[in-house]
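Here is a short briefing to read alongside the model. Please keep the sequence and the 3D view open as you go through the points.

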Amino acid sequence: MTGKIFYRERSKAKQGSRTPRFRVVAVSGAGIKIYGNHFRKKELEQIAKAADMDLIALKRNKKSKKLK
């Protein structure tokens, strides 16, 4: 059974801003520890390939309101 890495796009990241846009939310089915906070898509793909894991993108609700 291969493991899974669940990730989502950061809410404050903007397209073309040259900052890492993705955040790892959870890891399932593997003995791996991830120490970073923000990742680039290429970095996530390299980690998944080296650890023989699948990448699962989580969808964001566009209509959600910020809590005050």
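The notes below start with the overall picture and then turn to the sheet, the salt bridges and a few single residues.

This is a predicted model, in which local features need pLDDT of at least 70, side-chain atom pairs count only at pLDDT 80 or more, and totals for chains, interfaces and linings use all residues. Residues are numbered from 1 along each chain as its sequence is written, and side-chain values use heavy atoms, with hydrogens and water left out. The protein chain has 1 helix and 3 strands, and they follow one another in the pattern β-β-α-β. Helices (H or I, at least four residues) and strands (E, at least two) are DSSP runs, numbered from the N terminus.

**Confidence**

- The mean pLDDT of the protein chain (the predictor's confidence in each residue, from 0 to 100) is 82.
- A pLDDT of 70 or more is reached by 81% of the residues of the protein chain.
- Confidence is highest in helix 1 (residues 41-50), at a mean of 93, and lowest in strand 2 (residues 22-28), at 89.

**Chain totals**

- Of the 68 residues in the protein chain, 18% count as buried; buried means under 20% relative accessible area, exposed over 50%, and partly exposed in between (1.4 Å probe, protein chains only).
- The protein chain exposes about 5900 Å², with carbon and sulfur atoms supplying 50% of it; accessible areas come from the Shrake-Rupley method with a 1.4 Å probe, and for residues only the protein chains shown count as cover.
- Among contacts in the protein chain with a separation of 6 or more, 38% are between residues 24 or more positions apart; contact means heavy atoms within 4.5 Å.

- The 3 strands form an open sheet in the order 2-1-3, with mixed pairing; two strands pair if DSSP finds at least two bridges between them.
- Strand 2 and strand 3 (53-57) stand at the edges with a single partner strand each, so one side of each has no neighbour in the sheet.
- Neighbouring strands of this sheet are turned by 25° against each other on average, direction ignored; axes are lines fitted to C-alpha atoms, for helices over the stretch in contact, and angles run from 0 to 180 degrees between N-to-C directions.
- In general, strands of a sheet pair through backbone hydrogen bonds, either parallel or antiparallel.
- Strand 1 and strand 2 run antiparallel and are joined by 6 bridges; here Tyr7 has Val24 of strand 2 as its bridge partner.
- Strand 1 (residues 3-9) also pairs with strand 3, in the parallel sense, over 5 bridges.
- In strand 3, Asp54 is the bridge partner of Lys4, and Ile56 is the bridge partner of Phe6.

**Salt bridges**

- The whole structure holds 2 salt bridges, a salt bridge being a side-chain nitrogen of Lys or Arg within 4 Å of a carboxyl oxygen of Asp or Glu.
- One joins the side chains of Arg21 and Glu9 (3.0 Å, N to O). This pair links distant parts of the chain, with Arg21 in the loop between strand 1 and strand 2 and Glu9 in strand 1, 12 residues apart.
- Arg21 is partly exposed at 22% relative accessibility, and Glu9 is partly exposed at 30%.
- Another joins the side chains of Glu43 and Arg40 (3.9 Å, N to O).
- Glu43 is partly exposed at 31% relative accessible area, and Arg40 is partly exposed at 40%.

**Residues to look at**

- Is Tyr7 buried or exposed? Tyr7, which lies in strand 1, is buried because its relative accessible area is 6%.
- Leaving aside neighbours within four places in sequence, Tyr7 has contacts that include Phe22, Val25, Lys41, Leu44 and Leu58.
- The C-alpha atoms of Tyr7 and Ile56 are separated by 6.3 Å, although the two residues are 49 apart along the chain.
- Ser11 sits in the loop between strand 1 and strand 2 and is exposed, with a relative accessible area of 56%.
- Between the C-alpha atoms of Ser11 and Arg23, 12 residues apart along the chain, the separation is 9.7 Å.
- Asp52, in the loop between helix 1 and strand 3, is exposed at 54% relative accessibility.
- Phi of Asp52 is near 55°, a positive value in a residue other than glycine. Most residues other than glycine have a negative phi.
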